[in-house]
Amino acid sequence: MKPVVMVLNGPNLNLLGKRQPEIYGHETLDDVRADLQALAGELGVQVRFHQSNREYELIDWIHEARETCAAIIINPAAFTHTSVAILDALNTFEGPVLEVHISNVHKREAFRHHSYVSLRADGVIAGFGTQGYALALRRAARLATPA
Ligand code: DQA
């Protein structure tokens, strides 16, 4: 069985490609999903990919990952800056957690500079556009399949 990497996306990312393309680019979330599925084949892992605008759904998927996944990649979107509940859920997961932001949050408004999720994340990628997901998947695959 190939290791499974859970890839989670928070609120408003369903509008990727349409939403503020000057900040988030023109690629859609379906494009990101397709890129990751193709890359996963090369890396010898499986990707389980979800998006929700609801905090509890993201938490439920993190709980599911506890039993079934080798790593979590998460772009919590605005919940990054507000959600102790997502941090608490991630703290129940024992494998690697990688945090992704499409934009460079540190170059933006001050309220985006703090991340609850970073208190748990083993690595953070910000400002690499949607390419950040593929970089995170390479890292997750490395961590999930030690040489
Ligand atoms: C984001 C950055 C967050 O501050 C914002 O709320 C998002 C997307 C990013 O990918 O750059 O929705 O996580």
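How far is an oxygen atom of the ligand from a polar backbone atom of Ala78?

Mentor: The model is predicted, so local features need pLDDT of at least 70 and side-chain atom pairs count only at pLDDT 80 or more, while totals for chains, interfaces and linings use all residues. Residues are numbered from 1 along each chain as its sequence is written, and side-chain values use heavy atoms, with hydrogens and water left out.

The distance from the backbone atom of Ala78 to the ligand oxygen is 3.2 Å, a polar contact being a pair of N or O atoms within 3.5 Å. Side chains also reach the ligand: a polar atom of Ser103 is 2.6 Å from a ligand oxygen, and one of His101 is 2.8 Å from a ligand oxygen. The protein buries 99% of the 320 Å² that the ligand exposes when taken alone (Shrake-Rupley method, 1.4 Å probe).

Around the ligand, with a heavy atom within 4 Å of it, stand residues including Arg19, Tyr24, Asn75, His81 and Arg112. By class, this shell has five nonpolar, four polar and two charged residues.

The ligand takes up the space of the largest cavity, with more than half of its atoms within 2 Å of the grid points. A cavity is a set of points, on a 1 Å grid over the protein atoms alone, where a 1.4 Å probe fits but cannot get out. This cavity holds about 140 Å³ of space, the volume being that filled by probe spheres set on the points. Its lining comprises 16 residues, and Tyr24, Asn75, Ala77, Ala78 and His101 lie nearest the centre; lining residues have an atom within 4 Å of a point.

Definitions and conventions:
A polar contact is a pair of N or O atoms within 3.5 Å; within protein, one must be able to donate a hydrogen and the other to accept it, and residues adjacent in sequence count only if both atoms are side-chain atoms. On a 1 Å grid over the protein atoms alone, a cavity is a set of points where a 1.4 Å probe fits but cannot get out, and a pocket is an open set with protein on both sides within 12 Å along at least five of seven lines; lining residues have an atom within 4 Å of a point. Ala, Val, Leu, Ile, Met, Phe, Trp, Tyr, Cys and Pro count as nonpolar, Asp, Glu, Lys and Arg as charged, and the others, Gly among them, as polar.
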